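Subject: Structure handover

Hello,

Here is the structure I said I would pass on. Please look through it first, then read the notes below.

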Amino acid sequence: MNRSFALLAALALLSGCQTFTSSEPDGAPPAEEASAATEAQKPEVYASFSQETLLALLTAELAGQRNRFDIAIDNYVQQAQATQDAGVAERGFRIAEYLGAEQAALDTALIWAKNAPDSLDAQRAAAIQLARAGRYDEAMTYMERVLQRQGDTHFDFLALSALETDADTRAGLLQSFDRLLGKYPDNGQLLFGKALLLQQDDRPQEALELLETQSTKQREISPLLLHARLLQSLERGAEALPLLEQGIRLHPDDRRLRLTYARLLVEQDRLDDAKGEFASLLQQFPQDDDLRFSLALVCLEAEAWREAIVYLEELVERDSHADAAHYNLARAYEALGEKDSALIEYALVGPGNDFLPAQARQAQLLFDSQRSAQASKRLSLARSAQPDYAIQLYLIEVEALASNSQHGQAWQVVQQALEQFPDDLNLLYTRAMLAEKRDDLELLEQDLRFILEREPDNSMALNALGYTLADRTTRYDEAKALIEQALRLDPQDPAILDSLGWVNYRLGNLDEAERLLRQALKRFPDHEVAAHLGEVLWAQGKQREARKIWANALKQQPDSTVLRSTLLRLTGSETF
């Protein structure tokens with residue numbers, strides 16, 4: 001062999017190691033690198049390759065440097081298979097893992113593990129790749145080899161990789177865990193992996209009992225976090241707090257434990273303690289704007305408005321979570337009664353999750369301040385600036401106008417919107433509801449029938465049409481059929497129960513009407529449902545109970561026109 005060529009190839013192979021780096025896919029631990037100190041102590045060993053192999057490997061390295069990764073990976077896989085050399089297979093595996101080439105990663109990992117039986121990295125890599133391929137029994141065999149040598153295993157990854165598989169596959173993997181636990185009953189990594197599998201199988205109590213067999217003092221961080229999550233899922237969150245506190249004493253610098261603890265404090269409504277924990281975390285990690293935002297939200301929850309404003313303004317200055325920060329600044333200023341400042345902040349919210357809520361609150365604030373023309377102008381400008389949100393912005397304006405009894409203007413806006421978007425079902429539904437206010441039942445039915453032609457299972461449209469026919473016409477049987485169809489589609493909706501109760505009242509089925517309306521009021525204590533139930537009770541001669549229900553509803557909704565008109569019609573007075 002030409003000596004200079006061999007040297008060139010060796011240099012290329014060594015320098016090529018800088019071309020690729022191993023990847024760490026989210027949620028999946030990679031095959032671990034040997035420590036630098038350990039590697040430094042090992043003498044370099046070079047295999048003797050044919051000229052053909054060296055040329056192929058050199059070509060692969062040069063191809064990788066020129067972003068021709070297809071050539072690089074193909075050459076390495078071929079040469080790993082041809083030479084069965086552990087070093088070539090490992091290099092091919094690292095490249096395949098970097099590229100996300102699953103089959104190549106599996107092939108090279110298996111060759112690497114076969115030819116380097118004493119390498120824990122190789123055995124781990126083979127186990128993980130087999131698990132990714134759904135070959136769980138084989139994966140467990142390789143992982144057991146790591147366990148036998150007391151290396152760090154990834155049984156948790158094997159368990160998590162089975163999340164999307166069928167029940168039979170998970171059951172088989174569970175049996176494999178039980179087999180190994182028979183040999184290594186006190187192995188924490190195995191216990192943790194089995195607990196994860198049980199959690200995936202919706203068996204949280206069994207998973208919890210398994211983790212509780214191991215002393216918390218011996219547990220690593222991940223099992224502690226799983227233990228806390230299981231307690232929360234079983235509505236025993238208060239028990240998770242001392243568990244996490246003990247974990248923090250054992251691992252005082254672990255961010256995950258402290259963050260989980262802080263969030264659980266919020267869940268348990270210990271807001272002052274949560275604020276302190278988040279503030280401590282932020283002091284430790286001052287560049288972490290996710291922590292800063294979480295702390296601001298906790299302050300808002302605790303109604304510490306001024307404190308929240310400080311953190312939110314910091315986020316704006318740092319241009320981090322900016323839209324959410326502006327939106328929540330506006331909320332804080334609203335709570336403090338500083339409406340002009342709130343309006344400024346709402347106007348600064350850009351496109352994204354908070355844009356439409358900001359527009360809606362901005363419009364409502366302006367309407368509350370008797371500045372409806374300004375609200376409409378701002379929404380019009382927003383539609384021009386953000387045409388992708390045009391339909392939703394029209395709906396916000398119509399809703400604001402209608403809720404402020406400006407039905408004529410609301411009608412004009414929805415008609416304008418439908419000229420631009422004539423087949424939008426949300427706009428048509430909104431026009432139908434406005435048409436009912438105008439006593440235009442023909443248009444209401446036309447719009448709702450149009451919606452149902454395109455969406456026959458639209459329970460909201462079915463219910464709206466059925467209720468209107470029951471309330472405003474004598475087409476009771478037709479109304480009842482529509483409402484019953486809506487209830488089959490959405491049996492838990494209290495609005496549909498209310499409609500069905502009301503049509504039964506119209507049909508004279510008073511006992512059934514009472515039963516349904518009581519259910520509806522229990523699920524949704526709404527003033528209109530209370531008006532309906534009271535009227536049914538009144539018709540049954542239960543006037544005292546009817547008055548009690550109306551009185552309770554009026555306490556919650558003193559400006560309810562539905563309640564007061566019902567009272568006036570049945571008792572002759574709008575008050576008691």
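How many helices and how many strands are there in the protein chain? The protein chain has 33 helices and zero strands. Please keep in mind that this is a predicted model. Of the 576 residues in the chain, 46% count as buried. Among contacts with a separation of 6 or more, 49% are between residues 24 or more positions apart.

Next, the nonpolar cores. The largest nonpolar core has 165 residues, and the members that touch the most others are Trp112, Phe155, Leu312 and Leu448. Helix H6 (residues 102–115) gives this core its largest share, eight residues. There is also a second, separate core of seven residues, with Phe355, Ala382, Tyr389 and Leu393 among them. As background, nonpolar side chains in soluble globular proteins tend to be buried together.

The model has six aromatic pairs. In one of them, phenylalanine 355 and tyrosine 389 are tilted, with 4.8 Å from centre to centre and 55° between the planes. Phenylalanine 355 belongs to helix H21 (residues 355–368), whereas tyrosine 389 is in the loop between helix H22 (372–385) and H23, so the pair links distant parts of the chain, 34 residues apart. Both phenylalanine 355 and tyrosine 389 are buried.

Helix H18 (residues 305–317) has 13 residues and spans 18 Å from its first C-alpha to its last, close to the 18 Å expected at 1.5 Å a residue. Its buried residues are Ala308, Ile309, Tyr311, Leu312 and Leu315. Leu312 was named above as one of the core members that touch the most others. Which helices do the buried residues of H18 pack against? They pack against helix H16 (271–284), helix H17 (289–301) and helix H19 (322–335). After H18 comes aspartate 319, with a positive phi near 55°.

Helix H25 (residues 425–437) also has 13 residues, and its first and last C-alpha are 19 Å apart, close to the 18 Å expected. At the start of H25, the backbone nitrogen of asparagine 426 has a side-chain oxygen of aspartate 424 within 3.2 Å. Among the buried residues of H25 are Leu425, Tyr429, Arg431 and Ala432. The cover over its buried residues includes helix H23 (390–403), helix H24 (407–420), helix H26 (441–454) and helix H27 (459–472). Just after H25, aspartate 439 has a positive phi of about 60°.

Leaving aside neighbours within four places in sequence, leucine 448 is in contact with Tyr429, Ala432, Met433, Ala461, Ala464 and Leu465.

There are also two places where a charged end sits over a ring. Arginine 145 has its charged end over the ring of tyrosine 142, 4.5 Å from the centre. For arginine 255, the ring is that of phenylalanine 285, and the distance from its centre is 5.6 Å.

Last, aspartate 178. This residue is in helix H10 (residues 167–183).

Regards

Notes. Residues are numbered from 1 along each chain as its sequence is written. This is a predicted model: local features need pLDDT of at least 70, side-chain atom pairs count only at pLDDT 80 or more; totals for chains, interfaces and linings use all residues. Side-chain values use heavy atoms; hydrogens and water are left out. Helices (H or I, at least four residues) and strands (E, at least two) are DSSP runs, numbered from the N terminus. A nonpolar core is a set of buried Ala, Val, Leu, Ile, Met, Phe, Trp, Tyr and Cys residues joined through side-chain atoms within 4.5 Å. Buried means under 20% relative accessible area, exposed over 50%, partly exposed in between (1.4 Å probe, protein chains only). Contact means heavy atoms within 4.5 Å. The expected span of a helix is 1.5 Å times one less than its number of residues. A polar contact is a pair of N or O atoms within 3.5 Å; within protein, one must be able to donate a hydrogen and the other to accept it, and residues adjacent in sequence count only if both atoms are side-chain atoms. Rings of Phe, Tyr and Trp (its six-membered ring) pair if their centres lie within 6.5 Å; planes under 30 degrees apart count as stacked, over 60 as edge-to-face and the rest as tilted. A charge sits over a ring if NZ of Lys or CZ of Arg is within 6 Å of the ring centre and within 35 degrees of the ring normal.
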